[in-house]
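Please look through the sequence and the model shown here before reading the report that follows.

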Amino acid sequence: MNFINTLMAKTKATTAKAAETIDNAAKSILTDKVIMVSIEKLSFEKDFKAVFKQEEEKVNRIADDMVIHDYDKSQPIITNEKFEILDGNSRYMAARKAGIKKVPVVIKHFENKKDAILYELNLQMNRRNIASDDVLIETYHTIAAMRDEKGNKLLTDVEIAQRLGVSPRQISKAKEVDLKASDEIKESLSEGTISLNQAYNQMKEEIKPAEEKAEVQGEMATEKTSVEVTPVKPKKTPSEKPAMEKLNLKFKPEDFVLIQNAADAAKLSVAEYVMNLVMSTVQTTPAADSVSEKETA
């Protein structure tokens, strides 16, 4: 039983793979040729669809024409091999609205998603003109948000500028206006009453006071941190005064008799005795106000 199940599973897998191979081969043969395809096979891929928005009024107008004249087969829908629409979004939506079951399709082969989007972008740019600056900003953001299969940004700002036929500086201004400008400026830009350059200049005037204030505050902070501090010499405490200042000997008249007697007893002159007394006081006593009778006895 297990053998039969395994055999059936292998057969099923082989059949599916063979069908896929045949299907791919058929698509390869049909690449770049107009074929009629069931409209139910077609689908949108979000990044492909996002290159340019579809206008509802335009779709309704095409749908009304299709109801009367059927689908114009000279305008096929372009897809990749997965039948994801690259060009003809409006025609596809109109055909569904008009109840058409089959539409003409041209299948294109691409090595990767980036090549497919660049192909689609080129088609759109060749037939459309970025007539207004607000459309430029919107288109930039649409393309800048696109990612390849690995999640990497599809195009750099310089490459986007080249595709849109503007300078990288215009792209930079568009980004800054979109990020920093007030709602009033953005609304005026959207209505076409001002250009991108005018919007950019108005935005700079609006934010200039705030930038100047921030610059002044930064300079003040820098000056505050760079002020040179002159060290203040600490005042001398009484304990730091020279020893001779601490001594401050005071003698009474009767002390001289005692000093003389003490000098005679020590067999020294009065000057020698006094010097010895001073030296002894400096070495052993922090301070002395006077020579007592006990010291001179």
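## Strand β4 and its neighbours

In strand β4, Ile 107 is the bridge partner of Thr 79, where strands are DSSP runs of E of at least two residues, helices are runs of H or I of at least four residues, and both are numbered from the N terminus. This is a predicted model, in which local features need pLDDT of at least 70 and side-chain atom pairs count only at pLDDT 80 or more, while totals for chains, interfaces and linings use all residues. Residues are numbered from 1 along each chain as its sequence is written, and side-chain values use heavy atoms, with hydrogens and water left out.

Strands β2 and β4 run parallel and are joined by three bridges, whereas β1 (residues 34-38) runs antiparallel to β4 and is joined to it by five; two strands pair if DSSP finds at least two bridges between them. Ser 38 stands opposite Lys 102 in β4. Five of the six residues of β4 are buried, so this strand is largely enclosed by the rest of the structure; buried means under 20% relative accessible area, exposed over 50%, and partly exposed in between, with a 1.4 Å probe and protein chains only.

## Aromatic rings

The count of aromatic pairs comes to two, with rings of Phe, Tyr and Trp (its six-membered ring) pairing if their centres lie within 6.5 Å, and with planes under 30 degrees apart called stacked, over 60 edge-to-face and the rest tilted. The rings of Phe 44 and Tyr 92 have centres 5.2 Å apart and planes at 85°, so this pair is edge-to-face. Because Phe 44 lies in the loop between β1 and α2 (46-50) and Tyr 92 in helix α4 (residues 89-98), the pair ties together parts that are 48 residues apart in sequence. Phe 44 is partly exposed at 29%, whereas Tyr 92 is buried at 7%.

The rings of Phe 110 and Tyr 119 have centres 5.3 Å apart and planes at 50°, so this pair is tilted. Phe 110 is buried, with a relative accessible area of 19%, and Tyr 119 is partly exposed, with 23%.

## Confidence along the chain

The mean pLDDT of the chain is 76, and 65% of its residues reach 70 or more; pLDDT is the predictor's confidence in each residue, from 0 to 100. Confidence is highest in β4 (residues 102-107), at a mean of 96, and lowest in helix α11 (residues 243-247), at 45.
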